[in-house]
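Please review the following briefing on a single protein chain.

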Amino acid sequence: MLGVGEIIAIIGVVIAAASAAYAGVAQSDAADFQSKVARNNAKASEYQAQDAAARGEIERDNLRRKIAATIGTGRANWGASGVQLGSGSPLNWELETAVAGEQDLAMSRDNTAMEQWGFRNQRNNYLAQSGLYRAQSESYAISGGIDSSSSLLSGASQLDRRYGWWSRQPSNT
């Protein structure tokens, strides 16, 4: 029959093992949660990239209308003053306006591309972070099991040294 000291020692070993297992599970769950947060952040970054593309298209459509309106207004003014359109100063002005408009459109495309790149780069960083958290989650789960097993074995060894349960020689009777 076990004495009170032996029972308390066994309970201590079991609690230490359970605590190690629980700590591994808690760390694993926390890392898993962080992985999910990072994945959600990646989705948000992708949505931002798509939104940037849509806003860029709207901006370029507005620029095209503005360029066309400017050229149309210029033609109307040149025509109202009796200047022949399609040659000389009116033509030069129209071409310069069109070139400046194309430069604005190119700048808008570049800005949109850079904004999308930034959001997609951020998305990729979040996905990498998610993968790291997933690996940590698995590692914590494994280390919790190892730590728990180690606590049990260490505790059993200490109990054997103290009470000699497993190192006793079998009796001949």
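Lys and Arg count as positive and Asp and Glu as negative, while His and the chain ends are not counted; the place of a charge is NZ of Lys, CZ of Arg, CG of Asp or CD of Glu. On that basis, the protein chain has 16 positive and 17 negative side chains, and the centres of the two sets lie 4 Å apart.

This is a predicted model, in which local features need pLDDT of at least 70, side-chain atom pairs count only at pLDDT 80 or more, and totals for chains, interfaces and linings use all residues. Residues are numbered from 1 along each chain as its sequence is written, and side-chain values use heavy atoms, with hydrogens and water left out.

**Overall form**
- The protein chain contains two helices and zero strands (DSSP runs numbered from the N terminus: helices are H or I of at least four residues, strands E of at least two).
- Its radius of gyration is 37 Å, well over the 16 Å that the globule rule gives for 173 residues, so the protein chain is more spread out than a compact globule (taken over C-alpha atoms; the rule is 2.2 Å times the number of residues to the power 0.38).
- Along the principal axes, the C-alpha atoms fill a box of roughly 130 × 20 × 15 Å.

**Burial and contacts**
- Of the 173 residues, 22% are buried (under 20% relative accessible area; exposed is over 50%, partly exposed in between, with a 1.4 Å probe and protein chains only).
- Among contacts (heavy atoms within 4.5 Å) between residues at least 6 apart in sequence, 79% join residues at least 24 apart.

**Ala156**
- Ala156 lies in helix H2 (residues 88-163) and is partly exposed, with a relative accessible area of 26%.
- Ala156 and Ile10 are 146 residues apart in sequence, and their C-alpha atoms are 8.2 Å apart in space.
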